[in-house]
Amino acid sequence: MSDDEPLDENPTTFADLGLSGTVLKALSAVGYERPSAIQEATIPTLLGGRDVVGLAQTGTGKTAAFALPILERLDKGQKQPQALVLAPTRELALQVCEAFEQYAGHSKSVHILPVYGGQGYGVQLSALRRGVHVVVGTPGRIMDHLDRGTLDLSELKYLVLDEADEMLKMGFAEDVETILAATPEDKQVAMFSATMPAQIRRLSAKYLRDPQEIAVRKTTTTASNVTQRYLIASYPQKVDALTRILEVENFDAMIVFTRTKNETETLAERLRARGYAAAAINGDVQQAQRERTVKQLKDGKLDILVATDVAARGLDVERITHVVNYDLPIDTESYVHRIGRTGRAGRSGDAISFVTPRERRTLSSIERATKQSLTQMHLPSVDEVNATRLSRFDDAITAALGNTARIDRFRDIIAHYVTHHDVPEADVAAALAVVAQGETPLLLDPADEPVREEFRGPKAQSRDRDSRDRRGSSGPLRTYRIAVGKRHKVEPRQIVGAIANEGGLSRGDFGQIKILPGFSLVDLPAEIPADALKRLERTRISGILIELQPDEGRAPRSGGPRSSGSRYGGGGRDGGRSERGGRGRNDSAGYDRGPRKPRKPRTPRD
């Protein structure tokens, strides 16, 4: 909803939905003022104990719609998990977990655990032994814990399938059904999906009890007078990327949004160290200090405000020309609210979002929900930064020349120096420029230019993949061999999912995948950390250890006899190439694991 949209005379509040004071206090702290349509329809239904099938796009606020009723009814004295949320990717699982932690901010002793591939089992096992109330996980890792007997779902009261249609598209139907069958029959189930294919309806009919179907159309839009751009940048690159943008963008005042309170303080301090007038506001800042900071921004004594969502609620400063999403928000409504801080009252504005390689899916969700495409921008180059610096230096000289009284006084001083030291006036002028500039160089060194491809978006990376010399998003690639192939019925998406999750890799880290009869070849980063390699050696696909190792061109142990004239068994190295080189539509670094063989439904463990 736009901030300029008129409010209802008697808007529904969260208190009207039946939520308690503790949860309401947490919602106020994170800046939620009134429920979204999906929240208004879903929360009372779930609080009433009824199952729900929700048709809602990402960004409609559905996480709060199921998280708040769960938090409202948790038994904090119970150690076994009471709520399980299944998500298709670890990125979504982490986002949901973050949201739960925000909403539980004023509830004591609520323990929430993310469970996904790529994270060590030790952390998850320790947390489960201590006791957790809510588990948020991906199907593959949840199944692993069930197989190991380390996750007890016998006391489960609430189960949520988030983005159910995506889970089914990614091949997790059998895992989801196995998990559902391993939970108590009297649990409450909420299923959320953007679409309602036949398979979803079948799941609903089989595992949900008289569910209420709630459909919500997304109406959130962004202002047409705000130019929206994004930059692909990994987390370590963000500060330097922001500094470059500040150098070349013609901004008056700016708000930079971060996800956490600590990050606001840290980033503001780093910007001040680089010479910018920056300050932080967050939920811990007292109201009096907040008002002073906002006044400084209005008066031009401050140029950059680093803020969290809650701290920027209701902020309307005419000087704000730019908004930067240093951390991408987890829902569309937050995104719309953030960029609404600029382009107000008919003025134009600019919004720039930093997107890490693993957040591309979130970016796509924002574009779908707002029905607007963001334009990709590139990191400003050294030449662009230097051109801007020279232009500003020229402007400073021109402004100084306009002050004739002071110029006349300094002209006499310069003439005196030239006469007594026999130095050309041009050299004196250059020396004075050095004095005025100080220790900071006026121009950047071309050697400071980063590798441009690190900041490229998914379309550009795909377009350039064939022209690069075997490079991934993190550098050069080399070929590795894994001990699963065609005869194990392995697919590219299973390989990508298993290796990405256990090795902590992203989609851009994969090159070509070639599936041969007894084994497969995968192009991965040449330098994989030792701990990641150790995890990958123990990784399984379809129950088989992949035994990842660098490919040296030897005949593999399980690859069968070599055929004549071929470097590899099974008809040569290209004989088993997958039709799409491992880059199928559903390949994603967020995959947890490929589908398993059908299992017999299990009864809950005692």
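Visitor: Which strands does helix 11 lie across?
Guide: In this predicted model, helix 11 (residues 261-273) lies across strand 9 (253-257), strand 10 and strand 11. Its direction is at about 175° to strand 10.

Visitor: And what sheet are those strands in, in what order?
Guide: An open sheet of seven strands, in the order 10-11-9-12-13-8-14, with parallel pairing.

Visitor: Which strands stand at the edges?
Guide: Strand 10 (278-281) and strand 14 (375-376). Each has a single partner strand, so one side of each is left without a neighbour in the sheet.

Visitor: How many bridges join strand 10 to strand 11?
Guide: Four, and the two strands run parallel. Strand 11 covers residues 304-307, and its Leu 305 stands opposite Ala 279.

Visitor: Now strand 8. How many of its residues are buried?
Guide: Six of the seven, so to speak a mostly covered strand, spanning residues 226-232.

Visitor: How many bridges does strand 8 have with strand 13?
Guide: Seven, in the parallel sense. In that pairing, Thr 227 stands opposite Asp 350. Strand 8 also runs parallel to strand 14, joined by two bridges, and there Tyr 230 faces Gln 376 as its opposite residue.

Visitor: Switching to aromatics: how many pairs turn up in the whole structure?
Guide: Three aromatic pairs. One of them is Phe 66 with Phe 100, a tilted pair at 6.3 Å centre to centre and 45° between the planes.

Visitor: Where do Phe 66 and Phe 100 lie?
Guide: Phe 66 is in helix 3 (residues 62-72) and Phe 100 in helix 4 (residues 90-103), so the pair ties together parts that are 34 residues apart in sequence. Both Phe 66 and Phe 100 are buried. Together with Phe 192 they form one aromatic cluster.

Visitor: What about Tyr 326 and Phe 354, how are their rings placed?
Guide: Their centres are 5.8 Å apart and their planes at 45°, so this pair is tilted. Tyr 326 lies in the loop between strand 12 (320-325) and helix 13 (332-339), while Phe 354 belongs to strand 13 (residues 349-355), so the pair ties together parts that are 28 residues apart in sequence.

Visitor: Are those two buried or exposed?
Guide: Tyr 326 and Phe 354 are both buried.

Visitor: Which residue lies over the face of Tyr 326?
Guide: Lys 238 does, at 5.4 Å from the ring centre. Another charge over a ring is found at Tyr 121, where the charged end of Arg 148 sits 3.8 Å from the ring's centre.

Note on methods:
Residues are numbered from 1 along each chain as its sequence is written. This is a predicted model: local features need pLDDT of at least 70, side-chain atom pairs count only at pLDDT 80 or more; totals for chains, interfaces and linings use all residues. Side-chain values use heavy atoms; hydrogens and water are left out. Rings of Phe, Tyr and Trp (its six-membered ring) pair if their centres lie within 6.5 Å; planes under 30 degrees apart count as stacked, over 60 as edge-to-face and the rest as tilted. Buried means under 20% relative accessible area, exposed over 50%, partly exposed in between (1.4 Å probe, protein chains only). A charge sits over a ring if NZ of Lys or CZ of Arg is within 6 Å of the ring centre and within 35 degrees of the ring normal. Two strands pair if DSSP finds at least two bridges between them. Contact means heavy atoms within 4.5 Å. Axes are lines fitted to C-alpha atoms, for helices over the stretch in contact, and angles run from 0 to 180 degrees between N-to-C directions.
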